[in-house]
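Student: Could you show me how to read a sheet and the helix packed with it? I would like the general idea and then the case at hand.

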Amino acid sequence: MPATPIPRTDPLTLEVVELIGTVVARYHEEYEEAAAAHALTGAQARVLGLLALEPTPMRKIADKLKCEPSNVTGIIDRLESRGLVERRPDPADRRVKVAAPTDEGRATARRLRESLRFAREPLGELTAAERTLLRDLLKRMLGEDAGS
């Protein structure tokens, strides 16, 4: 029978957990402020940021955001009404619609990304080796392959 993992409650682990929570809270706070400065909700900004990387089927957006597809439909509707996003057939399967940013949507996503100082500035203080180590440790914590 496999051993049950013992919860880590040593002071160092507790401090790391607290620091991670503080980083996440500060990032979300700044992200919401940056989104509002662009007249977007945080969810709209996150979707626009995802789409700026690549046009994406709405179900995949819902999976990434861990929400219902109907929520994504509403977000896409609002972004589309502002001319930031458009729906188009998926080249791989024309029955599937993908959401894709318009030129204005890509420009807005870029301005939004550039306005996020909290994540960028402290990371800029780290060396490339430190950032690589941090990335690999975070991937390991998430159970992802750190070598990718």
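Tutor: Let's go through the sheet, its strand pairs and then a helix.

Tutor: This is a predicted model, where local features need pLDDT of at least 70, side-chain atom pairs count only at pLDDT 80 or more, and totals for chains, interfaces and linings use all residues. Residues are numbered from 1 along each chain as its sequence is written, and side-chain values use heavy atoms, leaving out hydrogens and water.

Student: In what order do the three strands of the sheet come?

Tutor: Strands of a sheet pair through backbone hydrogen bonds, either parallel or antiparallel. Here the sheet is open, with the order 1-3-2 and antiparallel pairing. Strands (E, at least two residues) and helices (H or I, at least four) are DSSP runs numbered from the N terminus, and two strands pair if DSSP finds at least two bridges between them.

Student: How many bridges join strand 2 to strand 3?

Tutor: Six, with strand 3 covering residues 93-101. These two strands form a hairpin with two residues between them. Arg87 has Ala99 as its bridge partner, while Glu86 stands opposite Ala100.

Student: And which residue of strand 3 is the bridge partner of Thr56?

Tutor: Ala99. Strand 1 and strand 3 pair over two bridges, again antiparallel.

Student: Which strands does helix 4 lie across?

Tutor: Helix 4 (residues 69-81) lies across strand 2 and strand 3, at about 120 degrees to strand 2. Angles run from 0 to 180 degrees between N-to-C directions, with axes fitted to C-alpha atoms, for helices over the stretch in contact (heavy atoms within 4.5 Å).
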